[in-house]
Each structure stands twice: as structure tokens, then as C-alpha cells.
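Below is a short briefing on a predicted model.

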Amino acid sequence: MLAVMGKRASTVGVLVLSTAISACATLRNAINFEQPQIALQELDITGFGLQGGTLDLVFDVYNPNQYRLRSTRLEVGLELAGTDFGDALIDKPLDLSPQNHSRVVMPVRFTWAGVGAAARSLLQSQALPYGITGAVILDTPVGSRRVQLQSTGTVPLKKLIQ
């Protein structure tokens, strides 16, 4: 009877130890946080009028981590053709799958005042030089993180209002 109880206690001990080791491995992977990569893929003009217009910023966001990230807030400032063009905000949850790309669309409103050169370039070009700066707040397995964003490049225009 004592031998059976000792064997059970040993088995329970092994199970507790293996669970603890597994938890440590999961925690170690969670601690190795890599910043998501964000790139502006395209601008979609969705409307314009006398006061200004609207466009969608279409981003490719890559989560290099081995765990899911959830964004609670994404805010960016947009510069087109060297001119401040507007700010965008997403404060609804975004789900970023592990080691995967996600398409994120952010609507932006702009006014014609102060963006004349960039607006002309926007209407005349097939592609524009851009700059984005901002931040994203992420929920990770080890807590919330604020990640600064900064990117520059050239972005194609995909949709033009007829």
C-alpha cells in the first residue's frame, strides 16, 4: 500500500514539474517580444468635395511573434508629398495572428486648406511619397505595450473617384 502511494505521489510530482516547465517555456516565448512591422500598401480615395475628402490608408501589418497580439488603439499621422495630410485613429480592437500578415484599413478625413500641393499631387500622380508616424497600443501575454511607428516610402493610388 505504501509503495502504491509513493508511486502515485511520484507521478503527481512529475506531472506538476512538467506543467511548470511547459509554463516557463510559454512565458519565455511571450517575453521575447518583437515589434510588429507596418507598411503602407496603398491609398484608396473614397470621396472628395468642396471642403476636402476622405481616403483609406491600407496597411500590411506583420506580427513576427509566436503569439497573438491584440491592438486596442492605432494612431498615425500622414504626410504626403512633403505636406502634413491628416491624422487617423482606430480605437477598436484589431487581432494580429502569430507570424502572419494582416490587412488594416484606416479612414482619413482631410481638408483642402493647407494641403494644396499634396492634394494636387494626389490627383495627378499614380504614386506618392509618404511618411507615417504614430503609435499602436498592444495587449501581449506579458502586459500592454506602446510601440512607436515610423515609415516612409512611395505608395500607389488604387481607386480614383470618377
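The lining of the largest cavity is made up of Gln 35, Pro 36, Ile 38, Val 61, Ser 71, Leu 74, Leu 94, Leu 96, Val 104, Val 136, Val 147 and Leu 149. By class, 10 of these lining residues are nonpolar, two are polar and none is charged. The model is predicted, not experimental.

**Cavity**

- The structure has one cavity of 30 Å³ or more.
- The volume of the largest cavity is about 100 Å³.
- Three strands, E3 (69–80), E5 (94–96) and E8 (143–159), each give at least two residues to the lining of this largest cavity.

**Leu 94, a lining residue**

- Leu 94 is part of the cavity lining and sits in strand E5.
- Leu 94 has a relative accessible area of 16% and therefore counts as buried, the cut-off being under 20%.
- Apart from residues up to four places away in sequence, Leu 94 touches Leu 69, Arg 70, Ser 71, Leu 74 and Val 104.
- Among these contacts of Leu 94, Ser 71, Leu 74 and Val 104 also belong to the cavity lining.
- Leu 94 and Leu 138 are 44 residues apart along the chain, and their C-alpha atoms are separated by 9.2 Å.

**Nonpolar core**

- The largest nonpolar core holds 33 residues, of which Leu 43, Leu 57, Phe 59, Leu 74 and Met 106 touch the most other members.
- Strands E1 (37–48), E2 (52–63), E3, E4 (83–90), E5, E6 (100–111), E7 (127–140) and E8 each contribute two or more residues to this core.
- Leu 74 is named both among these core residues and in the lining of the largest cavity.
- Met 106 is in contact with Leu 55, Asp 56, Leu 57, Phe 59, Leu 74, Val 76, Ala 88, Leu 89 and Ile 90, leaving aside neighbours within four places in sequence.
- The contacts of Met 106 include Leu 57, Phe 59 and Leu 74, which are also listed among the core residues that touch the most other members.

**Chain as a whole**

- The protein chain contains two helices and eight strands.
- Read from the N terminus, the order of elements is α-β-β-β-β-β-β-α-β-β.
- Of the 162 residues in the chain, 38% count as buried.
- When contacts between residues at least 6 apart in sequence are taken, 66% of them join residues at least 24 apart.
- The chain has an accessible surface of about 9800 Å², and carbon and sulfur atoms account for 54% of that area.

**Loop residues**

- Pro 64 is found in the loop between E2 and E3.
- The relative accessible area of Pro 64 is 12%, so this residue is buried, as the limit is under 20%.
- Pro 64 touches Glu 34, Gln 35, Pro 36 and Gln 99, not counting residues up to four places away in sequence.
- Gln 99, a contact of Pro 64, lies in the loop between E5 and E6.
- Gln 99 is not a glycine, yet has a positive phi of about 45 degrees.
- Gln 99 is partly exposed, with a relative accessible area of 47%.
- Ala 81 also has a positive phi, near 50 degrees, and is placed in the loop between E3 and E4.
- Ala 81 has 30% relative accessibility and counts as partly exposed.

Technical notes:
Residues are numbered from 1 along each chain as its sequence is written. This is a predicted model: local features need pLDDT of at least 70, side-chain atom pairs count only at pLDDT 80 or more; totals for chains, interfaces and linings use all residues. Side-chain values use heavy atoms; hydrogens and water are left out. On a 1 Å grid over the protein atoms alone, a cavity is a set of points where a 1.4 Å probe fits but cannot get out, and a pocket is an open set with protein on both sides within 12 Å along at least five of seven lines; lining residues have an atom within 4 Å of a point. Grid points are joined across faces, edges and corners, and a volume is the space filled by probe spheres set on the points. Helices (H or I, at least four residues) and strands (E, at least two) are DSSP runs, numbered from the N terminus. Ala, Val, Leu, Ile, Met, Phe, Trp, Tyr, Cys and Pro count as nonpolar, Asp, Glu, Lys and Arg as charged, and the others, Gly among them, as polar. A nonpolar core is a set of buried Ala, Val, Leu, Ile, Met, Phe, Trp, Tyr and Cys residues joined through side-chain atoms within 4.5 Å. Buried means under 20% relative accessible area, exposed over 50%, partly exposed in between (1.4 Å probe, protein chains only). Contact means heavy atoms within 4.5 Å. Accessible areas come from the Shrake-Rupley method with a 1.4 Å probe; for residues, only the protein chains shown count as cover.
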